[in-house]
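Student: I have a model open on my screen and would like to learn how to read it. Could you walk me through the features?

Tutor: Gladly; let us look at it together.

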Amino acid sequence: MKNLFIQRFLVSTVVIILGIIQIILDTSLRSNFGYIIVFLGGIILLYSTISYITSRKNKSLEKELSKEYDERDALIDGKVARFSLHILMCEIFILMFITNFVVIPTNTALFVVLVSLMISQIGSRKYYNLVL
């Protein structure tokens with residue numbers, strides 16, 4: 001997420017300055033909206049400083065969590081690759097056995113292997129995301 005502290009600070013400063021100018025220049029006896037504008041500028045300034053301080057504190061926590069998430073992704077990728085390799089070996093043995101009795105075109109055999117590996121990869125990735 002982009003840090004918008006400088007933009008918020010500038011906007012709040014401009015709003016506060018406009019409110020002060022309106023308070024100074026408005027000499028009418030009815031209600032003066034300059035105070036409301038200064039109050040809104042103060043709220044924006046307070047919000048921007050609080051969000052900036054909390055985002056600075058959370059950056060170290062985010063880095064720590066991202067390391068754990070990257071390690072988890074690497075573990076999942078390894079387990080998915082191992083599972084896919086086992087599936088591929090089993091399919092090759094089955095296809096070798098079947099081709100002794102039936103003639104299977106190469107394109108068909110490769111298509112079957114490719115589709116089954118895609119399905120097993122999607123399924124195993126979802127399984128390991130839930131388990132780990």
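Student: Where do we begin, and what does the secondary structure of the protein chain come to?

Tutor: With the elements: helices (H or I, at least four residues) and strands (E, at least two) are DSSP runs, numbered from the N terminus. Here the protein chain has three helices and zero strands, and from the N terminus on the order is α-α-α. Before going on, note that this is a predicted model, where local features need pLDDT of at least 70, side-chain atom pairs count only at pLDDT 80 or more, and totals for chains, interfaces and linings use all residues. Residues are numbered from 1 along each chain as its sequence is written, and side-chain values use heavy atoms, with hydrogens and water left out.

Student: What share of the 132 residues counts as buried?

Tutor: The general idea is relative accessible area: buried means under 20%, exposed over 50%, and partly exposed in between (1.4 Å probe, protein chains only). By that rule, 12% of the residues count as buried. The areas themselves come from the Shrake-Rupley method with a 1.4 Å probe, and for residues only the protein chains shown count as cover. The protein chain exposes about 10,700 Å², and carbon and sulfur atoms supply 72% of that area.

Student: Is S48 buried or exposed?

Tutor: S48 sits in helix α2, which spans residues 34-98, and it counts as buried because its relative accessibility is 0%. Setting aside neighbours within four places in sequence, S48 touches F5, R8 and F9. For the protein chain, among contacts between residues at least 6 apart in sequence, 67% join residues at least 24 apart.

Student: Which residues form a nonpolar patch on the surface?

Tutor: A patch is made of residues with over 30% relative accessible area and no salt bridge; like charges are joined within 9 Å, and nonpolar side chains (Val, Leu, Ile, Met, Phe, Trp, Tyr) within 5 Å. In this case V14, I17, L18, I20, I21, I24 and L25 make up the nonpolar patch, with about 690 Å² of accessible area together. Take L18 as an example: it belongs to helix α1, residues 5-25, and is exposed at 51% relative accessibility.

Student: What about F39, buried or exposed?

Tutor: F39 is exposed, at 56% relative accessible area, and its place is in helix α2. Its C-alpha atom is separated by 9.2 Å from that of V15, 24 residues apart along the chain.

Student: How many salt bridges does the structure hold?

Tutor: Side chains of opposite charge can pair when their charged atoms come close. A salt bridge is a side-chain nitrogen of Lys or Arg within 4 Å of a carboxyl oxygen of Asp or Glu. The structure holds one: R125 and D77 meet at 2.7 Å, N to O. R125 lies in helix α3 (residues 106-131) and D77 in helix α2, so the pair ties together parts that are 48 residues apart in sequence. R125 is partly exposed at 29%, and D77 is partly exposed at 38%.

Student: What else is R125 in contact with, beyond neighbours within four places in sequence?

Tutor: Besides D77, R125 contacts I76 and V80. K79 is 46 residues from R125 in sequence and 8.5 Å away in space, C-alpha to C-alpha.

Student: How many aromatic pairs does a search of the whole structure find?

Tutor: Rings of Phe, Tyr and Trp (its six-membered ring) pair if their centres lie within 6.5 Å; planes under 30 degrees apart count as stacked, over 60 as edge-to-face, and the rest as tilted. The search finds two pairs. F97 and F101 have ring centres 5.3 Å apart and planes at 75 degrees, so they are edge-to-face. F97 is exposed at 53%, and F101 is exposed at 63%. Y127 and Y128 form an edge-to-face pair, with 5.3 Å centre to centre and 65 degrees between the planes. Y127 is partly exposed at 49%, whereas Y128 is buried at 17%.

Note on methods
Contact means heavy atoms within 4.5 Å.
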